[in-house]
Each structure stands twice: as C-alpha cells, then as structure tokens.
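Please keep the sequence and the model side by side while reading.

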Amino acid sequence: MIVLLDNGHGGLINLEYQTEGKRSPIWNDSSQLFEGEFNRAIVNGIIQELTRLNIPYVNIAPEYWDVSLETRINRANKYAAEECFYLSIHANAGGGNGCEFFTSLGDTKSDKIATIFGNTYQDEFPNKTLRTDFSDGDLDKENHFYVLTKTKMPAILTENFFMDNEEECKRILMTKKGRGKIIKYHLDAILRVKEELF
C-alpha cells in the first residue's frame, strides 16, 4: 500500500506565506497560524514515521509554493494502478470545533477509510468533537472537493481542528504536543487502513 500525502496549500518561503487567506487571526500575543505550514508539519511527521516503518509513501506537493490542485491530482493519478490511497491534510476554519473527515459523494472505499480515521481520531482525542454526517450510514462528510473527485484512487481529506478557534489553535494546532497527537492518530489510522483494507 502506498500512502499519497498531500499537505494542502502553500508554505512559508523567506517568512512569506504563499497562500492568500488560509491563516488564523492574529491572537493577542501576536501569534498566528499559517495553515500551509501546519499541513506540512503534520505530513513531515507522518513521513518520518512511515519511513521508520518501511511503509511506502509519496509526498504529492513537497514544494513550499502553492502547487495547483490540477498538478497535485496529476501527480497522484500516476499511482492509480497501484494499491494506494490519497490523504489530504488541512486545518479547518469557519467558527467551529473538533475534526471532520471528507470523501467524495457516494458509497466508496473512501468512506471506509474515513471511518477508520474518524474512529482513530476519537481514540486519540476522546474529549474533542468528531464532526459527522451519518445521513448515509457512516461518519464522513461528502463534498465535491477537487482532490476527492478527480483522484483515481480512494481519497479522504482530514480537517484538523479550527484555526479560528483560539483554544484549539493555540493549545493544539500550534503546540508540539498537539501536533504530535495529530500525527499519531493519522499514523495509527494509516496502519489500520493497511491492515484492514489493503
């Protein structure tokens, strides 16, 4: 099984953020989260552990500039003939709390992967909100996100806490401990996916 890792949005180049928007408010202590930097930190942590465990992966967008969605999908779809799944990692915004897991519309293998990720998230963060939509019988939310509808393999998108929620941003998304727990639940979920579905 190959894990196709996508750190959404651009990163920081010479301290300049590469993606318009996609950042937390500037908090009272002058701190601010840039989503693309967070996404890369999580993907890099997952890569470190996958390397240690000898699990194949591809970093879909290793560059620090904002790689286009079309380029990301073209890179991923080169692996469509392999046993693989696409994992796009983000931090959320919009005035909520907790984590949620997205797939494309319909009942697919992606739904089973998202369910594993949601359950593993709850194991790691038992006191945090799992944002769900059980209207179709499983916990994932469905959306027409480009990276979910254009990929030729199972694909999920994780939205990890809310960067415009000060408590979640400063206590989880911006801390070493919080990031470590996010990396851990992603890694544990990947291992479960490998064992149960591939």
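Asp29 counts as partly exposed, at 46% relative accessibility; the term covers the range between buried, under 20% relative accessible area, and exposed, over 50% (1.4 Å probe, protein chains only). The model is predicted: local features need pLDDT of at least 70 and side-chain atom pairs count only at pLDDT 80 or more, while totals for chains, interfaces and linings use all residues. Residues are numbered from 1 along each chain as its sequence is written, and side-chain values use heavy atoms, with hydrogens and water left out.

Which residue does Asp29 meet in a salt bridge? The partner is Lys170, at 3.1 Å from N to O. A salt bridge here is a side-chain nitrogen of Lys or Arg within 4 Å of a carboxyl oxygen of Asp or Glu. This pair links distant parts of the chain, 141 residues apart: Lys170 sits in helix 5 (residues 166-173), and Asp29 in the loop between strand 3 (16-17) and helix 1 (35-53). Helices (H or I, at least four residues) and strands (E, at least two) are DSSP runs, numbered from the N terminus.

Lys170 is partly exposed as well, with a relative accessible area of 28%. Lys170 also forms a salt bridge with Glu166, where the closest N and O atoms are 3.5 Å apart. Both lie in helix 5, four residues apart, or about one turn of the helix.

Another salt bridge joins Asp6 and Arg72 at 2.3 Å, N to O. Asp6 belongs to strand 1 (residues 2-7) and Arg72 to helix 2 (residues 69-77), 66 residues apart. Asp6 is buried at 1% relative accessibility, and Arg72 is buried with a relative accessible area of 1%.
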